[in-house]
Amino acid sequence: MCHEWISASIGLWLLASAFALPAGDRIDLINCLLIGIILVGVGLYAGVSYGRWHDWIIAGLGVWVIVSGKIIPKTYRIRSINYIVAALVVMVASSWHCFF
């Protein structure tokens, strides 16, 4: 149950980092905000409900965060590193519950 709160916390971090870290362009900023909002929402919902479907959504969002950091043009290096670290934490936390 702890992993849902980790995912929600990473979502909050992505929301904060959207404004704290330099954004390459508007698409990068919007992507960071949307992923943060979705992670917070799914993480909080998963914390009060039962089921494994939300873990797969959270893991998929983690994959998207890594991919989007590479395909969105003009993404600064610090933001790419932020995406990778946040995604790895989210994917490990949600995968841990999916497989164990």
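How do α1 and α2 lie relative to each other, roughly parallel or roughly antiparallel? The axes of α1 and α2 cross at roughly 160°, and the two helices are therefore roughly antiparallel to each other. The legends below go through this pair and its surroundings.

The model is predicted, and local features need pLDDT of at least 70, side-chain atom pairs count only at pLDDT 80 or more, while totals for chains, interfaces and linings use all residues. Residues are numbered from 1 along each chain as its sequence is written, and side-chain values use heavy atoms, with hydrogens and water left out.

**View 1**
Helix α1 covers residues 2-20. Helices here are DSSP runs (H or I, at least four residues), numbered from the N terminus. α1 has 19 residues and reaches 26 Å from its first C-alpha to its last, close to the 27 Å expected at 1.5 Å a residue. The expected span is 1.5 Å times one less than the number of residues. The buried residues of α1 are H3, E4, S7, A8, I10, G11, L14, S17 and A18. Buried means under 20% relative accessible area, exposed over 50%, and partly exposed in between (1.4 Å probe, protein chains only).

**View 1. S7 in helix α1.**
S7 is found in α1 and has a relative accessible area of 0%, so S7 is buried. Leaving aside neighbours within four places in sequence, S7 is in contact with L39, I58 and V90. Contact means heavy atoms within 4.5 Å.

**View 2. Helix α2 on its own.**
Helix α2 takes in residues 26-48, which makes 23 residues. From first C-alpha to last, α2 reaches 34 Å, close to the 33 Å expected at 1.5 Å a residue. Among the buried residues of α2 are D28, N31, C32, I35 and G36. L39, V40, V42, G43, A46 and G47 of α2 are buried too.

**View 3. The packing of α1 against α2.**
Two packed helices are described by the angle between their axes and the distance between the axes. The axes of α1 and α2 come within 7 Å. Axes are lines fitted to C-alpha atoms, for helices over the stretch in contact, and angles run from 0 to 180 degrees between N-to-C directions. Angles under 35 degrees count as roughly parallel, over 145 as roughly antiparallel, 65 to 115 as roughly perpendicular and the rest as oblique. The crossing of α1 and α2 is left-handed, a term used if the near helix is turned anticlockwise from the far one by less than a right angle (right-handed if clockwise). The contact includes E4, W5, S7 and A8 of α1 and L29, C32, L33 and I35 of α2. By class, the residues of this contact divide into 17 nonpolar, six polar and one charged. Ala, Val, Leu, Ile, Met, Phe, Trp, Tyr, Cys and Pro count as nonpolar, Asp, Glu, Lys and Arg as charged, and the others, Gly among them, as polar.

**View 4. The packing of α2 against α3.**
Helix α3 (residues 53-71) has 19 residues, which should span 27 Å at 1.5 Å a residue, and its end C-alpha atoms are 27 Å apart, which agrees. The axes of α2 and α3 come within 10 Å and cross at roughly 165°, and these helices are therefore roughly antiparallel to each other. α2 passes α3 in a left-handed crossing. N31, I35, I38, L39, V42, G43, Y45 and A46 in α2 meet W53, H54, I57, I58, L61, W64, V65 and S68 in α3. This contact has twelve nonpolar, four polar and no charged residues.

**View 5. R52 in the loop between α2 and α3.**
R52 has its place in the loop between α2 and α3. Its relative accessible area is 43%, so R52 is partly exposed. R52 and D25 are 27 residues apart along the chain, and their C-alpha atoms are separated by 35 Å.

**View 6. A59 in helix α3.**
A59 lies in α3 and is buried, with a relative accessible area of 12%. Leaving aside neighbours within four places in sequence, A59 is in contact with M91 and S94.

R79 lies in helix α4 (residues 77-99) and is buried, with a relative accessible area of 0%. Not counting residues up to four places away in sequence, R79 touches S17, A18, L21, P22, A23, D28 and C32. N82 is also found in α4 and, at 10% relative accessibility, counts as buried.
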